[in-house]
Amino acid sequence: MAAVAEFDSVGLRYGTGAEVLRDLDFRLRTGSFYFLTGPSGAGKTSLLKLLYLAQRPTRGRIKLFGEELSEAPREALPPFRRRIGVVFQDFRLIRHLSAFDNVALPLRVNGAHDEDVEGPVREMLAWVGLADRASARPPTLSGGEQQRVAIARAVINRPELLVADEPTGNVDADMANRLMGLFTAMNRLGTTVVVATHDVGLINATPGAQLIRLENGTLVDPTGTLRNPPRSTS
Amino acid sequence: MFDWLFVSPAERRLLGGPRFGGPTPWVIAIMSFSIMLIAASGLALASTAALVGRSIEARYTLQVPGGGANLGKLVEAVRATPGVTSIEAVPERDMRQTLERWLGPEAQSAELPVPALIDFDATTDVKLTPLEQRARAITPGARIVAHRDSVGPLLHSLRLLQWVAFGLVLLLSIAAAAAVVLAARGALDTHRFTIEVMHGIGATDIQVTHLFQRKILIDALAGSLAGAFAAALVLLLLASGAALAGELTGGATLGPVDLAVLALLPFALTILATWVARTAVLRSLRKAL
C-alpha cells in the first residue's frame, strides 16, 4: 500500500541542543489510523511538527505524499500543507476572527469564494455542536469549544493527512467520542489520521488503529514495525 | 496583477485592527506634506531660473556715465547696429526716480553720479565691440554689460537651490520608505501568530504579503493625500503673495506641467511605500519555514 509519509533515519535537534528525535524509520500507510503515544517530553509534538511541515529534520529524509520534502524549497511546501489538517494542542485559533472565519480560513487560503464557504462551514460548525457560536470569537469560547473550532478548521478541507495533538484534552467524554467518530469517519473516507494522545481509553476505543510509541526521541520498537495498540495502560 | 486590491471582507478581517490605525498614515502624511512643499519650491525655482535665463540670455545694457547728455545719439547708434532687436533707454532722471525708493531725496543730489542706461536685446551674432567703440566715441567711458555675466552667479545659485530641493525630495522619499519598512516589520510582529497559522494551513508568502501590501497601500494613500491636501492649502496661501513674487521673479509661477508633477507626487509616494512594504514583508517571511 502507498505511504502517505516515509521517515528514513530522521533526526531533529533545536539549535545546538541534543537531538530530540533520533533515527526515526517508519512509514504511514495511506488511509490508516495511527495513535502516537509516549511520555511527556518523548518528542511527540516534534514528530508531529515534522509531519505537518512546521519543522525540517536536521538529518535523514522525509517523504510526504510520495515527494521528498526534507530539503525542498520553502516555496514548494504550501501545496503539501494544504493536504494536511492539523489540530494543535494549544488550538492556535486567530483571536480576532470569529469561529466561522477561523473554520473558513483553510477554504479561503485554498481560493474558495465566499459563496462556496458558507455552507460547508455552517455544516461543520453544526457537526461539532457550535452552530449557534459561529460569530463568537475564541476568547469568548470555553476551552472545549475552542478545541472543537480547531478540529473543524483542521477537517474542513477534507485533508489527506490529519494530524492531531491531544485533540480531546479539553472536551468531555461524550464530545471526545463524537470527535473520534469524526476522525474515524474521515479515515474511512481515505484520510490518514495521526493522533497524539495519552488517553488509552481513546486508543482502545478505536479498533484497527496502529500505535507509534516514542520514548526519549526514538521509536520503541526494535524492529521499527508499527504495532496495534495495547489493550492496557501504556 | 492587481487582484490583491480587491479582497473580500473576510480577508480584510484577517489583519484586524482599525482602518488607518498605527503611525503609518501620519508618518506618510508628514512626509507627503514636506515633499510637496519642497518639490513645489524646487519646481518654482526651476521655473524662475529658466525664465531669468531666457530673459538675460540676449539682453545687454549700455551704461552711459555722466547723465547721458548724448543719450539720443547713443540710442541711434545702438538702433543702427545689426542684430539689435529691441531697445529701451532709461534716462538719468528715471534712474534717479528709481533710486529715490532706496536713497530718498539724496538720489537727486548732483554729487551722486548716476549713469543713464540703454537696455537692448540682440541676436547672438551682434558685434558688440564695434558698438562699444562707437558709443565711447560719442560718450567716453560708455560700456556694454551683458546681463548673463552680471546675473550669472544669481542664476547659478537658483539652479543649485533647485537641485538641493530635488535632493531633499529624494531624501524625504527614502526616509518615507524607511518608515514604511519599519511599519511593515512592526505589522509583521503584531500579526506573527496569524501569519504562522496561515502558513501552517498552506498560505503562500504572496497570499500573506497581499494582505499587508493592501493595508499599507490604503494607509499610504490616505496619508499621502492628506499631506498633499495640507501642502496644497499652504501653497495657496503662499500664492496670495504671488503678485510680489511675480515682480521679483519676472512672473515665474508653477506651470501646468509643474502642477501635474505635484499632483502625481502623492500617488508616486503611495506606489513607493507599497512596493517597499511588499519587498520588506516578502523578505521577512522568507526567514521562516
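Reader: What makes a residue of chain B count as buried, and how many of the 289 do?

Author: In this predicted model, a residue is buried if 20 or more other C-beta atoms lie within 10 Å of its own. Of the 289 residues of chain B, 31% count as buried.

Reader: Which domains is chain B divided into, and how far apart do the C-alpha centres of domain 1 and domain 2 lie?

Author: Domain 1 takes in 3-54 + 152-285, and domain 2 is 66-141. Their C-alpha centres lie 52 Å apart. These bounds come from an automatic or database domain assignment.

Reader: Why are the buried residues of helix 3 of chain B said to line one face?

Author: The buried residues of helix 3 (residues 71-79) are Leu71(B), Leu74(B), Ala77(B) and Val78(B). Seen down the axis of the helix, they fall within an arc of 120 degrees, so they line one face. An α-helix has 3.6 residues a turn, so residues three or four places apart point the same way. On the other side of helix 3, Gly72(B) and Arg79(B) are exposed.

Reader: What covers the buried residues of helix 3 of chain B?

Author: The cover includes strand 1 (59-64), strand 2 (84-90), strand 3 (116-122) and helix 5 (128-138), which belong to chain B. Leu74(B) and Ala77(B) of the buried set are also in a second, separate core of 15 residues, which includes Ala116(B) and Ile118(B) as well.

Reader: What makes a set of residues a nonpolar core, and how many residues has the largest?

Author: The members must be buried, of a nonpolar kind such as Val or Met, and joined through C-beta atoms within 7 Å. The largest such core has 115 residues, and Val103(A), Val163(A) and Met36(B) have the most contacts inside it. Its largest share, 16 residues, comes from helix 2 (residues 24-57) of chain B.

Reader: Which residues is Val163(A) in contact with, leaving aside neighbours within four places in sequence?

Author: A contact requires C-beta atoms within 7 Å. Val163(A) has such contacts with Leu48(A), Leu51(A), Tyr52(A), Ile84(A), Val86(A) and Val194(A).

Notes. Residues are numbered from 1 along each chain as its sequence is written. Chains are lettered from A and ligands numbered from 1 in the order in which they are written. This is a predicted model: local features need pLDDT of at least 70, side-chain atom pairs count only at pLDDT 80 or more; totals for chains, interfaces and linings use all residues. A residue is buried if 20 or more other C-beta atoms lie within 10 Å of its own, exposed if 12 or fewer, and partly exposed in between; C-beta atoms are placed from the backbone. Helices (H or I, at least four residues) and strands (E, at least two) are DSSP runs, numbered from the N terminus. The arc is that of the directions from the helix axis to the C-beta atoms. Two residues are in contact if their C-beta atoms, placed from the backbone, lie within 7 Å.
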